[in-house]
Amino acid sequence: MRPSSSVQPLVVLVSALVLTALAWWLPNRPVALDNPYDGQIESVSFAPFRGSQSPLTGNYPSSVEIAEALDALVGKVKGVRLYTAQEGMQEVPELAKARGLKVFAGAWLGTVIRTNKLEIASLIDLANRFPDTIDRVIVGNEVLLRKDLPVETLIEHIRQVRAAIKQPVTYADVWEFWLKNPQLADEVDFITIHILPYWEDNPLPVEAGNAHVDHILAEVKAAFPNKPVVIGEIGWPTYGRDREAAVAGRVELARFITNFLHKAGAEGIRYNVIEAFDQPWKSAMEGTVGANWGLFGDDWQPKFDLKGPVVEMPQWPVGLAVAVILIIVTWARQRTRANHMNFGRALFAGAILGLATYAVSRAAVEAWYFAYMPGPRAWAAIKLLIGGGVAFSLVSASFRMLSGDARIAVGGWTAAAGDIILTLALGLAFVLSFLLEVSVTDDVLIPNLPAATISQLWPLLPVDGRYRDFPTVYLGIVALVPVLVALIAQITGRDRFLDRLAFGRVFGSIGRTEKPGTGWFTALVGLGFIALAVGLMVSEGTLNREAWVWSACLVLMSLPFGAATLRRWLV
């Protein structure tokens, strides 16, 4: 080992702290808005669920909670849109009236005839009891998109409501379904369309969002020149996976919605923003992104001021605090080795420590704040444990080699544990990457199995890739670890790059004896990672930056298997 020095440990500590602080702070600096908005929003979608509450389980908010949620909106919005006339929402009109809020009331129509009748009856009753508060009525939401009812049955429900109340009546759906079913226009007083650039079949970046709104409004108005057109849903998600060039984010929502609000005011567009509050329960159907469309969090606090500035991830100080604790604890355990590094190696060790602790702290923040249901939380915990294990195996191996410590030349239980954890991580990465590309539920199962069967199998099945998160934050470190360890081994003269990179040898023994047939296995797995990377780019498109990052990770993950194959066949 090198001569001891008291300066190098401080170099390691300071460099790790500085790099990690920059990694958390730089992307979360306050961003000023180009077009800040200082007015009230016309209407927001209102569903005051929080915590474990969910319409899927019948756990609805109480009257007190509904009142508290409306109080949070007073002064910020003029009205709220309801999607159901039951499930406790029948109390909203009276509570909204007391707070000076208008209500855009709705009935939820689905496949259950009895429920539809109850919804219609409740909607009619509410509209007639609160004619001054309920100024518009929606009969059904995206019924045609979901294929819950034929258009003829939907029209019967619209006619029933229209004949029983005095308020204007409409139906709400994605704009395309109005164009596909033009006969609906004769049955309503105005047309309500949903325009969500992020969810389009060809997703659009936030910069093109309002131009898309112009285009769709013009197309719908041209198709129905004698009917007023209202935007029933418009918004942008604040967290979740990218869809081609459409990036979820708080800054993206702030920019999109403030530009739209100015546009709507100038052009007299009537609209409803989706939505008031984040909806954790939606993550069960739409992944993380489905839970994060609110202008407010599920704690009913505003995510940002429409006047700006906006911070992308306000939780970043928590992540930084976790990282600092991890750095100090790890550094205290490794400082003896740091004593024997030169200045350059100390800087390198600090960078490795900063990278590892940032990865773990970021994964911890994601698991804590953005995993909502028991299943996703369990997955997040598993990925956090595996990713954290790999990260700290990297730190231990790096410090050992950079200090010239030869006491654990080959193997040891810590090295064996590191290789086991890395193997688990690579396996998990392969499985998650495969699931990202599989869409069997919508295409195969739903058309051929009863709905009750699907509801039982849903947690076990891959779903449409548009709803699944990229696991980069958890497993990205796994892609870098073998390359970094092999690079350090080569630089320090410990082992050859190829030998240390090989699958099963990253943290463990560099044996020369290979088991027969291992070359075929490692070659196939390595090619499998590359095939997944290619398939992912084909399915996601070249505009998706997140897909590019994850595909690059998959290629890096193939390298240990390629190195193992070369050692078996060519070396």
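This is a predicted model: local features need pLDDT of at least 70, side-chain atom pairs count only at pLDDT 80 or more; totals for chains, interfaces and linings use all residues.

Is Glu68 buried, partly exposed or exposed? Glu68 is partly exposed, because its relative accessible area is 37%, where buried means under 20%, exposed over 50%, and partly exposed in between, with a 1.4 Å probe and protein chains only.

Residues are numbered from 1 along each chain as its sequence is written, and side-chain values use heavy atoms, with hydrogens and water left out.

Side chains of opposite charge can pair when their charged atoms come close. A salt bridge here is a side-chain nitrogen of Lys or Arg within 4 Å of a carboxyl oxygen of Asp or Glu. By this rule there are 20 salt bridges.

Glu68 and Arg50 form one of them, at 3.4 Å from N to O. This pair links distant parts of the chain, 18 residues apart: Glu68 is in helix α2 (residues 63-73), and Arg50 is in the loop between β1 and α2. Helices (H or I, at least four residues) and strands (E, at least two) are DSSP runs, numbered from the N terminus. Arg50 is partly exposed as well, with a relative accessible area of 26%.

A second pair is Glu42 with Arg136, whose closest N and O atoms are 3.8 Å apart. Glu42 lies in the loop between α1 (7-25) and β1 (44-45) and Arg136 in strand β4 (residues 134-141), so the pair ties together parts that are 94 residues apart in sequence. Both Glu42 and Arg136 are buried. They also belong to a network of salt bridges that links Glu42, Asp135, Arg136 and Arg270.

Asp305 counts as partly exposed, because its relative accessibility is 37%. Lys307 is partly exposed too, at 43%.

His157 lies in helix α6 (residues 151-164) and is buried, because its relative accessible area is 13%. Leaving aside residues up to four places away in sequence, His157 touches Leu109, Asn116, Ile120, Val139 and Leu149; contact means heavy atoms within 4.5 Å.

Finally, helix packing. Axes are lines fitted to C-alpha atoms, for helices over the stretch in contact, and angles run from 0 to 180 degrees between N-to-C directions. Angles under 35 degrees count as roughly parallel, over 145 as roughly antiparallel, 65 to 115 as roughly perpendicular, and the rest as oblique.

Helix α11 (residues 316-338) packs against helix α12 (residues 343-369) at about 140°, with the axes 8 Å apart. That angle makes α11 oblique to α12. Residues in this contact include Leu326 and Trp331 of α11, and Val360 and Tyr369 of α12. The contact of α11 with α12 divides into 10 nonpolar, 4 polar and no charged residues. In this classification Ala, Val, Leu, Ile, Met, Phe, Trp, Tyr, Cys and Pro count as nonpolar, Asp, Glu, Lys and Arg as charged, and the others, Gly among them, as polar.

Helix α13 (residues 374-402) and helix α17 (residues 472-492) pack at about 10°, with their axes 9 Å apart. These two helices are therefore roughly parallel to each other. Their contact has 15 nonpolar, 3 polar and 1 charged residues.
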